[in-house]
Amino acid sequence: MQPSAVALTGAPLRFRPSTWGIGIGVAALVLALPVLTVFSFVLHPAGDVWAHLAETVLADYVTNSLVLMLGVAVGTTTIGVSTAWLTACCRFTGQRFFAWALLLPLAIPAYIIAYTYTGMLDFAGPVQTLLRSALGWSRDDYWFPEIRSLGGAVTMLSLVLYPYVYLLARAAFLDQSVSIIDASRTLGYGPWASFLLISLPIARPAIIAGLSLALMETLADYGTVQYFGVSTFTTGIFRTWFGLGDSAAAAQLSALLMSFALALMALERWSRHRARYHHVGQRSQPLVLRPLSGWRHAVAFGLCALVLLAGFLLPAAQLALWAFATAARTVDAAFLRMLVNTLALAGGASALALAIALFMAYGQRLRLSPLVAAGVRLAGMGYAVPGVVIAVGVMIPFSWLDNTVDAWLRATFGVSSGLLLSGTLVALVFAYLVRFLAVSLQTVEAGLARIRPTMDDTARSLGYRPLEVLARIHVPVMKGSLLTGLLLVFVDVMKELPATLVLRPFNFNTLAVRAWELASDERLADSATAALAIVAAGVGPVIVLSRSIGRRLSAASER
Amino acid sequence: MKAKILRGTLGVLALAAGAASAAGGDAVNVYSARKEALIKPLLDRFTEQTGVEVNLITGAADALLKRLESEGRNTPADLFITVDAGRLHRAKRVGVLQPVRSPALEAAVPASYRDPQGYWFGLSLRARPIMYGKDRVDPAELSAYEALADERWRRRICVRSSDNIYNQSLVAAMLIANGPDRTLAWARGLVANFARAPKGGDRDQIKAVAAGQCDIAIANTYYLGQMLTDDDEVQREAARKVAIVWPNQAGRGAHVNVSGAGVTAAAAHRDQAVALLEFLASEEAQQWYADVNIEYPVRQGTAPSAMVAEWGSFKADTVNLDQLGEYNAEAVKIMDRAGWK
């Protein structure tokens, strides 16, 4: 019992958290630098542009962004929670297949699904053309939903972002022990009541965590809304910055956008703080799947099939069709190099993001000062900020540092160091960390939150240091969450475009760059091979992800 | 886990080092807003002829310009290529370009398509005329851009978003010609005539005319040309239903813009950059622009492709392109006020 006596003296405990605090504080500050850089433009005077914006387009930006967020919130929650519940708790035809396949839309970049659906459903597309020629209609004879509209953007984003909600909600449903449900049943609750009154509230923090990821991505989206001609904050930032040439006003718009994100984060915190749910018993048994029959069976199957069809199969099939027609001229040696570049970047950036997230999330669990906690929030803000804004926020401090070092070397030794970090993959990977840290942070925090604090206390009282508790207790217990965080960032980095485009080194291409260059030139068919490769490369991680969740489930049932 | 992370990090760093070393040697470094597919073949040809390696980053013009600006005197970029004059003007104004004197360039590029002091040179011409559905519209009614605000075109016009720089330049040219009040009134009339809220790119507008969603579009000619030569029969068929009319032929001429390039202020490979510029304005490169990109060559004496020649010759607006950049912000404000999304 010697070690515990040492640990319980208290002094080392007070010291260590502050070391953690400083470490996390510094890391958070560095990662918050791009966001802070953009914020610092807020202090510049913005001229008369604000009066102009307020008088003309600002109301549009605000309403469209709000409606978009609200729509995507409803869309992703409805799709995500219902399918998660069905695949986690019910037995029906294809349930095991849907359990992993429903994650697939995650692999499709939002702007790509927007292009494919426009290709199919636009006025000049095959569907409407066929309708017109078959029925002899012209423009004013019929009504057809306009795909390139606010409603269309809500649909597109919901279709590719619901997997965030699905993933986290399903994991939460699977984690619920059968004993709770049993207890609810003995209290006389039917299946609906026990879902609404027991399962849903327990899964709420996970659902809201997934939802806030989906909404932050919605806020940062540029490609889809721009193509659909929907004016939102992101298109407004571009227009103000570049069209009106006013970087201060653009930064102020970005700050306004970030306040939306802050509100989201506050909501997420609030939902988690009002109630903390942890595993009650170590030997929790998984739910016994409820067999469905009759119309319930049909509805469950139909819903899952429809979501999969709309979110993945249709767009992927359209891409495959295009890719098949153009592969001969689009696949070459450069294409293979792009594939390798993409995978290497995504792998490196996601591993780094996970390590940092683990470090930060665990540090917060040690109950550090609110200042550090705020720093961590700030470091996660990048997720809601459009990639180009992050890129500019990365460029400015990196170039400043490089140029300062260079100027000093020139003045002191008469040699030039040139640019050390700007224009290298270091700057690019850093931008990915800034942009996507929130994703790994969210998943790691959700995983940690499910581990009872008494476990920490016990381990600490046995003499383990914080780092040892993390390595020996937490990491093994929440392997699933860690893998989730890793793979989500992997897929996100692979899809990332604007920051990659402008921060990459010379002659360095990724699949997303290739796909966008061709698609934005309205050469959709030519862009399909690269887009399909992104999707294909994303499918692998998605399958790994769902299998690991499945394994956890079966491992739990064997215990 | 730790080992994996370490390996991943080292891998990324090694890649970074590799990419950085690619920028050395007898080379010229290019930041290009022209997409890779539309510039790389020419750059490869330059390397073949001169032995000078060309390193390339493509991207959105504004973001690349920001990168040039923040990298300052240490920027590796020697040449900045854009697809419109507005951005070239902006680059000149923020001080990232330097003047170049070259008899070859001055002989090849007409004075109205280059900066008077040599900060930038136009490399291809991009005309933005009016296009119409052959079966529905009498081109005689489309004498000028100004006529598009006429009530007879109510719900008949398709044009892309005012976020787009080609539209911003078009309105800037209008501002210079007609002044702010008339331009605003015109923009309001045009918006009232939209057949649908602006969306998509120029090809989309042409397709919408072909499909009958609208009767008139404003689009750059090479999009029509690319559709006419597309592999896809559907695209070719759509393009054949649409024809070009050259507006303002009795007055200031049809709106044109240029793609162009300028040597950066900090260019470490200035001579190679000038050589590349001269190559891009050479007979061979200009012919490539004409045949492959279906743009109008900027070089006097180089003929447009046979298909483009069929569209007829036209009088181009001779407004100094540098001015389009100056009026860009005001043009955007007018479009905001007119409700042009």
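Of the 559 residues of chain A, 53% count as buried. This description concerns a predicted model, for which the scores are ipTM 0.82 and pTM 0.86. The secondary structure of chain A consists of 24 helices and two strands. Along the principal axes, the C-alpha atoms of chain A occupy a box of roughly 80 × 80 × 50 Å. The radius of gyration of chain A is 25 Å, which agrees with the value near 24 Å that a compact globule of 559 residues would have.

The contact between the two chains was examined next. Chain A contributes 56 residues to this contact, and chain B contributes 56 residues. On the side of chain A that touches chain B, the elements giving two or more residues are α11 (223–228), α12 (233–243), α15 (333–365), α17 (387–413), α18 (425–449), α22 (498–503) and α23 (511–520) of chain A. The largest share of this side, nine residues, is provided by α17(A). When the residues on the side of chain A that touches chain B are sorted by class, 28 are nonpolar, 19 are polar and nine are charged.

In chain B, an open sheet of four strands was identified. The strands follow the order β6-β7-β5-β8 (chain B), and their pairing is mixed. At the edges of the sheet stand β6 (157–158) and β8 (242–245) of chain B, each of which pairs on one side only.

Confidence in chain B was then considered along its sequence. The average pLDDT of chain B is 90, and 93% of the residues score at least 70. Over residues 9–24 of chain B, by contrast, pLDDT stays under 50. For this stretch, residues 9–24 of chain B, the model has 27 contacts beyond four places in sequence. Where pLDDT is low, predicted coordinates should not be read in detail.

Terms used. Residues are numbered from 1 along each chain as its sequence is written. Chains are lettered from A and ligands numbered from 1 in the order in which they are written. This is a predicted model: local features need pLDDT of at least 70, side-chain atom pairs count only at pLDDT 80 or more; totals for chains, interfaces and linings use all residues. Two strands pair if DSSP finds at least two bridges between them. pLDDT is the predictor's confidence in each residue, from 0 to 100. Two residues are in contact if their C-beta atoms, placed from the backbone, lie within 7 Å. The radius of gyration is taken over C-alpha atoms; the globule rule is 2.2 Å times the number of residues to the power 0.38. A residue is buried if 20 or more other C-beta atoms lie within 10 Å of its own, exposed if 12 or fewer, and partly exposed in between; C-beta atoms are placed from the backbone. Ala, Val, Leu, Ile, Met, Phe, Trp, Tyr, Cys and Pro count as nonpolar, Asp, Glu, Lys and Arg as charged, and the others, Gly among them, as polar.
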